[in-house]
Amino acid sequence: MKIAFAGKGGVGKTSLCAWVADWLARSGRNVWLVDADTALSLGQASGLGADALPEPLVRRGDLVRERIHEGGFLNLNPEVGDLPEELAVDVPLGGEPLPGVTAGRKRLIVMGAVTNAGGGCACDANALLKALLAHIVMDRDEWVLVDLEAGVEHLGRGTAAHVDGLVVVSEPSMRSLMTGAEVGRMAADLGLENQVLVLNRHAGGEPPRLDGLPEWRLSVPPFEGLAGRQMTDASVLGLPESGLLDGLVRTLLDRLAGRVNRSNEQAIL
Ligand SMILES: Nc1ncnc2c1ncn2[C@@H]1O[C@H](COP(=O)(O)OP(=O)(O)O)[C@@H](O)[C@H]1O
Ligand SMILES: [Mg+2]
């Protein structure tokens, strides 16, 4: 199953993506984590030290030249099948595997921000990034979680059609909900209709109904355990609240996979 995470900056996309990936690996699934956010923090949120992070794809000028300019031509449909293995690093589990389960593998690929700052042509790096994302989403029969920037621009129509679900993450604030609604509309336009809203740091109250905002929602409370340590620790894993979090992740995945227990649908606080 392939899931993308989107929403306004700072609302918890990266944290949620790290939590879901860790639960999947602890329950025996192999997961590809794709950091397509320019803030590049999925690795740190998953507990990797700065020296253990993979080189972002867009900084691999060698690969960009080799694949996009193969044979002196501009190749917008480059060969990328070997790149996930070439670019990924293994990410350690943030907790114990579930009882009786052999843990799966978590692997992280960092896309990086496409800019012109370093000289080279941004459109070449962007073409390779899009081709790699399309490959991982379309041709890999494994769990893939994509931490997007605010919107869904990285997903072309073809790639979006192969994403099984979109998690729109929002804080309980009007501005962030409005961004969420916009993301929901854009994704629906690309044909990505299976969407859920995660209201993060939600301590009560009803969100407004906004056109485009997914109707089904899950609330994640503010975690004291995270707030208390995040000044000194970038990892969001191994929290004292991990039991509650595991339950929330299961509810979310059940819903995205279409197996939700209706009585379980309401916010869990
Ligand atoms: N439920 C939560 N409780 C407490 N802190 C949280 C919670 N969710 C996220 N955070 C913190 O909020 C900050 C922003 O989260 P992050 O996942 O990086 O957001 P985004 O990827 O949307 O920019 C991080 O410091 C993270 O540790
Ligand atoms: Mg992020």
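In which sense do strand S2 and strand S4 pair, and over how many bridges? In this predicted model, in which local features need pLDDT of at least 70, side-chain atom pairs count only at pLDDT 80 or more, and totals for chains, interfaces and linings use all residues, residues are numbered from 1 along each chain as its sequence is written. Chains are lettered from A and ligands numbered from 1 in the order in which they are written, and side-chain values use heavy atoms, with hydrogens and water left out.

Strand S2 (residues 31-35) pairs with strand S4 (residues 106-110) in the parallel sense, over five bridges, and Val34 stands opposite Ile109 of S4. Strands (E, at least two residues) and helices (H or I, at least four residues) are DSSP runs numbered from the N terminus, and two strands pair if DSSP finds at least two bridges between them. Both strands belong to an open sheet of eight strands, ordered S3-S4-S2-S5-S1-S6-S7-S8, with mixed pairing. Its edges are formed by strand S3 (89-91) and strand S8 (217-220), each of which pairs on one side only.

Helix H1 (residues 13-26) lies across S1, S2, S4, S5, S6, S7 and S8, and runs at about 165° to S5; axes are lines fitted to C-alpha atoms, for helices over the stretch in contact, and angles run from 0 to 180 degrees between N-to-C directions. Helix H9 (residues 242-256) also packs on the sheet, touching S1, S5, S6, S7 and S8, where contact means heavy atoms within 4.5 Å.

The mean pLDDT (the predictor's confidence in each residue, from 0 to 100) of the protein is 88, with 92% of its residues at 70 or more.
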